[in-house]
Amino acid sequence: MPPQPWLTEQFEASRSHLKAVAYRMLGSLGEAEDAVQEAWLRLNRSELSKVENLAGWLTTVVARVCLDVLRSRKSRSEEELDDQCAVPALQTRINPEQEAMLAESVGLALLVVMEKLTPAERLAFVLHDMFGVSFEDIAEMIDRTPVATRQLASRARRRVQGVEVAASASLSQQRAVVEAFLAALRAGDMQGILAVLDPNVVRRADPGAAASAPREIHGAIAVTEEALKNVARAQLAQVVLIDGAVGVIVAPQGKLRIALSCRVEGEKIVEFEVIGDPARLSRLDIALLPD
């Protein structure tokens, strides 16, 4: 039996909201649209006479579908996880430009950081902090108490915001130097890069970051010349906290590909490492910089 027109109308009115919830949960437009489609299928199979709030019911269904996807991801091997979670067979064909624009609107660095959360932390953080769902309602989805759910969201919030290191006296200094470096690199400004590099700066890179480049380069001029080969990549870069210090990530569509771990002394970068190895990237503690 085809769905009743009023039901289709109600679902379509909620579609944008449901997709927004699913995308922030999953970080993949294709998977988000699959989750919304699954909610539509379940809607048509369900007895709705006792549903008082259809929009809330749909949000709950989408959240549970997303939670299942996230738990499935965690059970895969590190290789599959680094491959950004192989696309499910049912996933629809997605326009890459559309997904890139959506990722940019949400925040590339935020999507990267949320990949580090457990499924339950991510659900609690997204639903409560981004969409205002009560802890009582979230608790029912994950079989936790409201108090435990509040703790999950709080833990996720600390990881996302980097609160534990935000009070560091040198943080603003590090940030100014790294942001100046990135701005100069984006502009292809050799003198600007040299201005923030120590004359004896050391640049290291693992094979995952630069297979054909030297593993280690010494000296500001040589390091700057190598850096200028990556002007295009720098356009996608974001300044974040990496293991408690200011660094840089490159995360097209929110998928972490490269990290730049920096050591700043005074007003100069004295050492940095370009990390591209999937296993190493997965172990980095990445957080957003405080506003």
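Isoleucine 249 stands opposite alanine 259 of strand 5 in a predicted model, for which local features require pLDDT of at least 70 and side-chain atom pairs count only at pLDDT 80 or more, while totals for chains, interfaces and linings use all residues. Residues are numbered from 1 along each chain as its sequence is written, and side-chain values use heavy atoms, with hydrogens and water left out. Strands (E, at least two residues) and helices (H or I, at least four) are DSSP runs numbered from the N terminus, and two strands are taken to pair if DSSP finds at least two bridges between them.

Strand 4 and strand 5 run antiparallel and are joined by four bridges. Strand 4 also pairs with strand 3 (residues 237-242), in the antiparallel sense and over six bridges, with valine 248 as the bridge partner of valine 239. Two residues lie between strand 3 and strand 4 in the hairpin that they form, and aspartate 243 in this turn has a positive phi of about 50 degrees. Five of the six residues of strand 4 are buried, that is, under 20% relative accessible area with a 1.4 Å probe and protein chains only.

Strand 4 (245-250), strand 5 (258-265) and strand 6 (268-275) each supply at least two residues of the lining of the largest cavity, as do helix 10 (171-187), helix 12 (220-227) and helix 13 (231-234). By class, this lining has 14 nonpolar residues (Ala, Val, Leu, Ile, Met, Phe, Trp, Tyr, Cys and Pro), three charged (Asp, Glu, Lys and Arg) and one polar (the others, Gly among them). A cavity is a set of points on a 1 Å grid over the protein atoms alone where a 1.4 Å probe fits but cannot get out, and lining residues have an atom within 4 Å of a point.

Terms used:
Buried < 20%, exposed > 50% of the residue type's maximum accessible area, 1.4 Å probe, protein only.
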